[in-house]
Amino acid sequence: MSYLAVIGVGRGGIHTVNKMNRNPALVEEVSFLVCDTDDIILMKSPVENKILMNCKPQDERFLTEETKKDFKCRVSGFRVVFFVAGMGGSTGHDLLPELIGYCRELEITVSCFVTSPFTFEGDVKCKIATESILNIRQCSDSVVVINNDIIQDSERDFNLANAFHKSHLILAENCEVLYKILCKPSYVSLVLDDYYSTMRNSAVTIIVSGYSNGEKRVLAAFDEALKSSLFKPYEIGEMDGIIFAIECSTHHQIKMEEVKYIHEIMGNRIKEGSNFTWIVNFDEELNEEVKVTLIASIKNR
Ligand SMILES: Nc1nc2c(ncn2[C@@H]2O[C@H](COP(=O)(O)OP(=O)(O)OP(=O)(O)O)[C@@H](O)[C@H]2O)c(=O)[nH]1
Ligand SMILES: [Mg+2]
């Protein structure tokens, strides 16, 4: 059994997990599960492991005992669960917190990756989503929210036909980045408990990446990551927790003189007293480039 399960809940979550399920390297190392009250969406999913969630006839906001037992049985034994869902519907609003609660009962660490609706979807969905996000923040160890409107503003070829597709891709990418950082062996690595103690009780958690090469590649990739539209509403100086993940190839490893740029960032760019961790992973495809990923959070005050 793998260490991590990625669970798609509701239509948006399942469509995202369907896309992740196409990556053979991920399929080998991660267990996928899809859960919905909608049997057609489940039937169409290529993910083999599925749960049709039945709700109590007397109150549709809660799962039946059988569904609860089935879910607990499928997740027991995992160390970490990533839930993926689009917020704005009733499955994400009513049933996701219940599923998170069962994982917590089993002492499984829970990260959620969710989207907030596009404004064009209307006020009702946006209101439901705001409430849903508050609820899941209260019961999860970390929550990454991707604001669909920000994606819309940053993509030139964005239209109604590809809107949700783009949103699924960004959600999947965020999930894969965290999976790689937490679960892949690395040179300077991150301990799972350290990650969650940095991210727990955050009001905001953002994951962004940038690439660069050349002499100051670490600094340039960092600046590139900050230019990402998902980071635009924030300042690096307001972050309370920062994980600075560098990826490079083994042929073009981070040199000791490049480490000084990391210290420069720590000394000059981030808030005093913030929790800063840096790690290094390898990715041979990068060649001479480095990729810098920032997982940054603002604490709940
Ligand atoms: N309509 C639609 N919404 C999507 C899709 N992918 C992501 N979403 C987002 O997910 C949000 C919730 O929609 P669904 O995923 O359909 O909702 P649900 O969790 O299945 O809940 P139900 O209302 O019970 O179906 C929407 O408001 C969208 O912002 C998609 O392919 N279609
Ligand atoms: Mg649905």
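Predicted model: local features only at pLDDT ≥ 70, side-chain atom pairs only at ≥ 80, totals over all residues.
Residues are numbered from 1 along each chain as its sequence is written, and chains are lettered from A and ligands numbered from 1 in the order of writing. Local features need pLDDT of at least 70, side-chain atom pairs count only at pLDDT 80 or more, and totals for chains, interfaces and linings use all residues.

**The sheet around β10**

Helices (H or I, at least four residues) and strands (E, at least two) are DSSP runs numbered from the N terminus. Four strands form an open sheet of mixed pairing, in the order β9-β12-β10-β11; two strands pair if DSSP finds at least two bridges between them. β9 (202-212) and β11 stand at the edges with a single partner strand each, so one side of each lacks a neighbour in the sheet. On average, neighbouring strands of this sheet are turned by 15° against each other, direction ignored. Axes are lines fitted to C-alpha atoms, for helices over the stretch in contact, and angles run from 0 to 180 degrees between N-to-C directions.

Strand β10 (residues 241-248) is largely enclosed by the rest of the structure, because eight of its eight residues are buried. A residue is buried if 20 or more other C-beta atoms lie within 10 Å of its own, exposed if 12 or fewer, and partly exposed in between, with C-beta atoms placed from the backbone. In a regular strand, side chains alternate between the two faces of the sheet. In β10, G241, I243, A245 and E247 point one way, while I242, F244, I246 and C248 point the other way.

| Partner strand | Sense and bridges | Residue pair |
|---|---|---|
| β12 (residues 290-299) | antiparallel, seven bridges | I246 and V292 |

A further bridge partner in β11 is I279, which pairs with A245. From β10 the chain passes through helix α11 (residues 256-268) to β11 in a right-handed β-α-β crossover; in this sense, with the strands pointing away from the viewer, the path from the first strand over the helix to the second runs clockwise.

**Helix α9 and Y196**

Helix α9 (residues 192-199) lies across β9, β10, β11 and β12, and runs at about 135° to β10. Y196 belongs to this helix and is partly exposed, with 16 other C-beta atoms within 10 Å. Leaving aside residues up to four places away in sequence, Y196 touches T109, D141 and S142, contact being defined by C-beta atoms, placed from the backbone, within 7 Å.

**The shell around ligand 1**

The shell holds 20 residues, of which G10, G12, G86, G88 and G89 come nearest; a residue is near a molecule or strand if its C-beta atom, placed from the backbone, lies within 6 Å of it. Two or more residues each come from α1 (10-20), β6 (80-86), α5 (90-105) and α8 (163-183). α1 gives the most, with four residues. The shell divides into four nonpolar, 13 polar and three charged residues. Here Ala, Val, Leu, Ile, Met, Phe, Trp, Tyr, Cys and Pro count as nonpolar, Asp, Glu, Lys and Arg as charged, and the others, Gly among them, as polar. α1 is largely enclosed by the rest of the structure, because eight of its eleven residues are buried, including G10, G12 and H15.

Methods:
Contact = placed C-beta atoms within 7 Å.
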